[in-house]
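Subject: Structure handover

Hello,

Here is the structure for your files. My notes on it follow below.

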Amino acid sequence: MKKIKEVLVVEGKDDTKRIKLAVNADTLETRGSAISDETVEQIAKLQETRGVIVFTDPDFSGEKIRNIITREVPGVKHAFLNKKDAAPSAKGSLGVEHASVEAIKEALSNLYTEVPDSEPLITREDLRDLGLLAGPTAKKKRALLGETLKIGYTNGKQLYNRLNLFQITPEQLKSALDEMENGQNEE
């Protein structure tokens, strides 16, 4: 089983149990979206010593935690699950605890590292021209793009910020859009 050096920041103990089925990793549980100052301090200390991978649920609470950590602890890595991979088999909310071992391994093999205070490589105008900010298909295109690039679902503003935070190049963006277009033609 693959050993991960960094500490995975997750939301709860069920996430930890599920991750341990997929990889050998230490976790830090935030115990919900009301992340305490003490927890943020622990994450900052872990980032200095071992590195941190934020691996939260693909929902509002998970994004809230991710945003707090991004703001308070620069330079952390991020792993994203697609919503379909985090859906429960019965009732319940989206969560890492519902993901398959394969989906967890896939998410952890596609990490993004923040590059804070970097020059934007992609402009809002680029995103507008590509139909990712407005129009009848923009939301669907952003959802597919998030899955293709493995950066999670975003609204228009979050997409701009996330693409530039992770220094995704215009070439990578074009390649992902081409892949999406080819994939849709095959369906």
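Domains and their interface

The protein chain is assigned two domains, domain 1 (1-117) and domain 2 (118-186), with bounds from an automatic or database domain assignment. The model is predicted, so local features need pLDDT of at least 70 and side-chain atom pairs count only at pLDDT 80 or more, while totals for chains, interfaces and linings use all residues. Residues are numbered from 1 along each chain as its sequence is written, and side-chain values use heavy atoms, with hydrogens and water left out.

Taken over C-alpha atoms, the centres of domain 1 and domain 2 are 22 Å apart. Contact (heavy atoms within 4.5 Å) involves 16 residues of domain 1 and 15 residues of domain 2. The two domains bury about 1300 Å² between them, 58% of it from carbon and sulfur atoms; buried area is the accessible area (1.4 Å probe) that two parts lose on being put together, summed over both. On the domain 1 side, Phe-80, Tyr-112 and Val-115 lose the most area to domain 2, together 42% of what that side buries.

Three salt bridges cross the interface of domain 1 and domain 2, a salt bridge being a side-chain nitrogen of Lys or Arg within 4 Å of a carboxyl oxygen of Asp or Glu. Lys-84 and Glu-147 form a salt bridge through their side chains, at 3.6 Å from N to O.

Helix 3 (60-72) and strand 5 (112-113) are the elements that give two or more residues to the side of domain 1 that touches domain 2; helices (H or I, at least four residues) and strands (E, at least two) are DSSP runs, numbered from the N terminus. Helix 3 has the largest share of that side, three residues.

Five strands form an open sheet in the order 2-1-3-4-5, with mixed pairing; strands pair if DSSP finds at least two bridges between them. Strand 2 (27-29) and strand 5 are at the edges with a single partner strand each, so one side of each has no neighbour in the sheet. Strand 4 (residues 77-78) and strand 5 run antiparallel and are joined by two bridges. His-78 is opposite Tyr-112 in strand 5. Tyr-112 is also one of the residues that lose the most area to domain 2.

The salt-bridge count comes to ten. One of them links Asp-14 to Lys-17, with the closest N and O atoms 3.9 Å apart. Both residues lie in helix 1 (residues 13-22), three residues apart, about one turn of the helix.

Regards
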